[in-house]
Amino acid sequence: MGEKNCNKSGFHSVPGMTLKMMNFFRNLFLLFYCTTLTYQTQADEVRRALKAERIFQTPRIDAILNDTCWSSSCKVNGFTETRPVAGRTERDGLTTEVFISYDDQAVYIAACMHDISPDSIKHELSTRDNIGSADLFAVFFDPYDEHQCGYGFFVTPSGVQFDARYASENNAEDPSWNAVWESAARIDGNNWYAEMKIPYSALRFPKKDIQTWAVNFMRTRDVSSQQFFWSKVDPAVNGFMTQWGQMSGIKDIKPPVRLSLSPYISAYLDHYPYNTPGLKNTNTNFNGGMDLKYGISQSFTLDMTLIPDFGQVQSDNRILNLSPFEIRYNENRGFFTEGTELFNKGGFFYSRRIGNEPVNYGRPYDEATSNETIIKNPTESKLLNATKVSGRTTGGLGIGVFNAVTRPMYATLESSEGQEREIETQPLANYNILVLDQSLKNSSSVTLINTNVLRNGSTYDANLTAGMFSLNDKTNTYNISGKAASSSQYNVMDRTNTGYHYMLTGGKTSGKFTFTLGQYFWDDKYDPNDLGILFNNNEIDQQVDVSYNIFKPGKFYNRNNTGVGIWYLSRYYPRSFQSFYMYVWNYTQFKNLWSLNLNADINPHYANDFYEARTPGRVYKELPYYGFGVNLSTNYSKKYYVSLFYYVKFKDRFKGWGFDSDLYQNFRFNDHLAISLESMLGPRYDYAGYASTDEITNDILFAQRDRKTIENVLSVKYTFNNSMGIQLRGRHYFSNVKDKKYYTLLEDGELALNNLFTGNTNINFNLFNVDMVYSWRFAPGSEFNLVWKNNIQDVGDQLINPYFRNLDRTLAADQLNSFSMKLLYYIDYLDVRTKLGRKKVG
């Protein structure tokens, strides 16, 4: 690759040819993009349109379709296939007919899906928002017809509902969004039927006498993995909502009063064998609170949760983390996932910061005297309330305001004389987000966002302000995007830390050939982590990604995608080379609906790791590595489905190697019962990693280690009907680390054998969780849940093998058992007013 160059920092850089290549690609893109904007030749396709008809007799939602109103409703058909054969029209015997109409309260949809036989109609039962192996019918609305925010309503042949919101950024789907609407479905011979009532309270639309909405209809056949749309959705075209059709004819409807309350009560019984004087082994807890939704106007909605209870959400998939970075966990709390597309723009909002570990959690350990014991130190902050206001004006301006308040938290210390004192670990904290997002032509947008955290007392405050843009050309083929942000932390040791970040990307986003070029920058003081998440700053990255997509089926495949990419990473200050790696991948779906994913990556040059040493200014020199991966999946619509993943990596230092394997199996016994088992194995042999820092010499110690990680997840689902079911999820995570030799990290990043260290840095780590949930949706928007949770954690420095001996020890350890009940009741203002009006009339 040529002679290595040295820079001012003293660390070797990647060969100069790579930098020239990056500059070449950057300049090539700018020339190509500007030329394309000038000479645009792709013609717009004619947009499909329909005219909705007003009805004066409300249909009964029973999927029988014998109501007289459907004979005068608008009828559409002629669906086009998106997968596996894009562009193919429905053939005889597999056609779809849809009727749509409206009145002063709702939009009504009826659909008939013709099939070739009853056995071809998949109808696995599941609870709401959990679609298994089942066909689907769906309707999509964008009442502003601006391709920025849409709604989707789905139903299966078993009557299972699913709904979601859609955002233009990254074609995002938010399945956590829930609306209250009516539907019914039934199977009759070779056909199945669906009927829907979508009340206006479930939508946001402009206050106009004449409405024009974007609309689309979808049908899927699970047996053949086929997906059809009324308005053709081309997988080669970027943008889902931009390809919807248009619905006119809606006149003289008014946005209703959108007000609903969802009060709840919950009760908990927890048991853990503390067996310690002053601590109860069994505790009970009773809670009550309420969620509120209010339509401030036709465009804006207020969502509020008062004294929320998230104790029944699924347990986190915690792991043994040996990296220098925190683990990013999924958000399972509904309030923080539903309708947050505006707040998630730019990636500055990590909702797990709210209610997370107190900011001064470690303070009691630093301040406790030699005769004091910490008897209580909460690991989570308690949320008092949270509020969201969001919507979009008729001029396309999206506005989002978010606020959450957590109460003060305290640790309790007890002296040897029995005296107790408290130390504040989390002050009263206020979390805020403001978003202004202006939609432009061609699904483009510009955005301003501000986040801040205000804490009572002397604990520091934080603020972040960012601007973003995303610009598409007329045919939505090319895109250029960017953002710039500034973060500040106030009162940090009586000073303010301010840092900066920017990103600029551009490329071709539609067609068979697509590419992306990007540059990313974070200075050494940029820190968004009070309300966002960033693993490391002080970095400049360049990216090149190219892919070629074949959507037209070949002789043995339905779809084939291939891509290559290059990343070049540098430390910003002091400027020095960090790493350079390349990767290639291929995805193929075969005619039998099996799929194969192949990938390979290589770091041909050593890397400077500035984080593994856990000490600012120190570096660990990582030698070259290369890896290969394969993922094979069978046809998901079959009763037995299996997916196998295997990735192996080889490292030059110590001739280390390791692999990750994942075997997922799912068996559907019938439409009610399904069982899945996911088994993961991830051994590492002769890897190098940080072990400890010598307290006397301050030497940074690395270890040559072996690590074994095994994870098993068993899931059982039994569904009684489309409103009631039981789900059981058990997870055992086991990881042990055996450090075989110790090395001292030298100033140049190399390792020198250390025979003096005699400590024990081995780890034997076990987690066992059970989440069992009985759920009953007894009325629209109302539900009753019974939950059992079991949690075991067993950590030590004595390695235990083999696996089942280790599992036996874990199950015998002390465990926390939690039993809870939660009842939530949905109250809609319009329903209450209607019922009261009927009583007066009676």
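Visitor: Where is Asn561 placed?
Guide: Asn561 belongs to strand E33, which covers residues 557-571. Keep in mind that this is a predicted model.

Visitor: Is Asn561 buried or exposed?
Guide: Asn561 is buried, because its relative accessibility is 5%, and the cut-off for buried is under 20%.

Visitor: And what does the side chain of Asn561 make a polar contact with?
Guide: With the side chain of Asn549, at 2.9 Å.

Visitor: Nice. How about Gln243, where is that found?
Guide: Gln243 sits in a loop, the one between strand E16 (226-229) and strand E17 (245-251).

Visitor: Buried or exposed, that Gln243?
Guide: Buried: its relative accessibility is 11%. A polar atom of the Gln243 side chain lies 2.8 Å from the backbone oxygen of Gly239.

Visitor: Which residues is Gln243 in contact with, leaving aside neighbours within four places in sequence?
Guide: Those are Asn216, Ser231, Lys232, Val233, Asp234 and Val237.

Visitor: Let's switch to strands. In what sense do E22 and E23 pair?
Guide: Antiparallel, over nine bridges, with E22 at residues 383-392 and E23 at residues 397-406. One example is Leu383, whose bridge partner in E23 is Thr406.

Visitor: What do E22 and E23 form, and which residue in the turn has a positive phi?
Guide: They form a hairpin with four residues between the strands, and Gly396 in the turn has a positive phi of about 90°.

Visitor: Which residues make up strand E26, and how many bridges pair it with E23?
Guide: E26 spans residues 429-439 and pairs with E23 through ten bridges, in the antiparallel sense. There, Ile399 stands opposite Leu436 of E26.

Visitor: Now aromatics. How many aromatic pairs does the structure hold?
Guide: There are 55 aromatic pairs. One of them is Phe153 with Trp181, and it counts as edge-to-face because the planes are at 80°, with the ring centres 5.3 Å apart.

Visitor: Why does that pair tie together separate parts?
Guide: Phe153 is in strand E10 (residues 149-155) while Trp181 is in the loop between strand E12 (172-174) and strand E13 (182-188), so the pair links parts 28 residues apart in sequence. Phe153 is buried at 0% relative accessibility, and Trp181 is buried too, at 5%.

Visitor: What kind of pair do Tyr568 and Phe577 make?
Guide: A tilted one, because their planes are at 40°, with the centres 5.8 Å apart. Tyr568 is buried with a relative accessible area of 5%, and Phe577 is buried at 1%.

Visitor: Which residues do ring pairs link into a cluster?
Guide: The cluster consists of Phe140, Phe154, Phe162, Tyr166, Phe229, Phe240 and Trp244.

Visitor: And which charged end sits over the ring of Tyr264?
Guide: That of Lys822, 4.9 Å from the ring centre. Tyr636 has Arg668 over its face, at 5.0 Å from the ring centre.

Visitor: Last one: what is the mean pLDDT of the protein chain?
Guide: The mean is 90, and 94% of the residues reach 70 or more. Residues 1-22 stay under 50, with 40 contacts beyond four places in sequence in the model. Residues 31-44 are also below 50, and that stretch has 14 contacts beyond near neighbours in sequence.

Key. Residues are numbered from 1 along each chain as its sequence is written. Side-chain values use heavy atoms; hydrogens and water are left out. Helices (H or I, at least four residues) and strands (E, at least two) are DSSP runs, numbered from the N terminus. Buried means under 20% relative accessible area, exposed over 50%, partly exposed in between (1.4 Å probe, protein chains only). A polar contact is a pair of N or O atoms within 3.5 Å; within protein, one must be able to donate a hydrogen and the other to accept it, and residues adjacent in sequence count only if both atoms are side-chain atoms. Contact means heavy atoms within 4.5 Å. Two strands pair if DSSP finds at least two bridges between them. pLDDT is the predictor's confidence in each residue, from 0 to 100. Rings of Phe, Tyr and Trp (its six-membered ring) pair if their centres lie within 6.5 Å; planes under 30 degrees apart count as stacked, over 60 as edge-to-face and the rest as tilted. A charge sits over a ring if NZ of Lys or CZ of Arg is within 6 Å of the ring centre and within 35 degrees of the ring normal.
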